[in-house]
Amino acid sequence: MEFTGSSYNGSYKNGRMEGRGEYTLPTHTRYEGEMMDGMFHGKGVLYFVNGGKYDGIWEKGICKQGQYTFSDGLEYEETDWDYCDGYDRRFYTERCYGIKPAGESQLTNADPPPVIPDGFYDCGDGFYDPNTRVVTDYAGRFLRNADDCEHEWITRTCRKGWDEFVGCDPGNSTVEKIAGPCGTK
């Protein structure tokens, strides 16, 4: 384990992880639960660095049944999932506590939203640097390298850490083409 960056605190049998224990991966994701013959086996919970958790029943290292809960308490449902489905685009906290009044927009599920460093994007589980293509959590710990698909998605859809002029170009206004300059004909 010392070669992979993982650690284990728990019981052993014949030199292998067995019984209850806590296994921490190099990404700081942590498994707490039952082990058998060096594998997750029985009841156990994976705790992710973003605050989410997966509570499951494991057999020889493979999860056979489980439930994922997001850091804000939202439980994922494999069937009848209606959260952020195109019809209802509210954040989970808005579903729980109601939508804010007009003029007080909620930009992320976290309220107030995290302050994005200049040149970075907020990709939901941390900040993305498009120059290095690295995603770090909100505390600055490495999460992953973004592949081309994730890079394209983040730069197209996520909040930016800088201001950008996206207003009207008077010389390219549809209103001006139809009604003339300044809305006159």
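In this predicted model, the elements of the protein chain run β-β-β-β-β-β-α-β-β-β-β-α-β-α from the N terminus on. That order comprises three helices and 11 strands. The chain has 185 residues, of which 26% are buried. Among contacts between residues at least 6 apart in sequence, 12% join residues at least 24 apart. The protein chain exposes about 12,800 Å², and carbon and sulfur atoms supply 52% of that area.

**The largest pocket**

The largest pocket holds about 960 Å³ of space. It is lined by 30 residues, and the closest to its centre are Phe 91, Thr 108, Asn 109, Gly 124 and Asp 125. The lining divides by residue class as follows.

| Class of lining residue | Number of residues |
|---|---|
| Nonpolar | 16 residues |
| Polar | seven residues |

**Asp 137**

Where does Asp 137 lie? Asp 137 is in the loop between strand E9 (134–136) and strand E10 (142–145). The relative accessible area of Asp 137 is 6%, so this residue counts as buried, the cut-off being under 20%. A polar atom of the Asp 137 side chain lies 2.9 Å from the backbone nitrogen of Ala 139. Leaving aside neighbours within four places in sequence, Asp 137 is in contact with Asp 125, Gly 126 and Leu 143. One of these partners, Asp 125, is also among the residues closest to the centre of the largest pocket.

Notes
Residues numbered from 1 in each chain as written. Predicted model: local features only at pLDDT ≥ 70, side-chain atom pairs only at ≥ 80, totals over all residues. Heavy atoms only, no water. 1 Å grid on protein atoms, 1.4 Å probe; cavity = no way out; pocket = protein on both sides within 12 Å on 5 of 7 lines; lining within 4 Å. Points joined across faces, edges and corners; volume = space filled by probe spheres on them. Nonpolar A, V, L, I, M, F, W, Y, C, P; charged D, E, K, R; others polar. Helix = DSSP H or I, 4+ residues; strand = E, 2+ residues; numbered from the N terminus. Buried < 20%, exposed > 50% of the residue type's maximum accessible area, 1.4 Å probe, protein only. Polar contact = N/O pair within 3.5 Å; in protein donor to acceptor, adjacent residues only side chain to side chain. Contact = heavy atoms within 4.5 Å. Areas by Shrake-Rupley, 256 points an atom, 1.4 Å probe, with all protein chains shown as cover.
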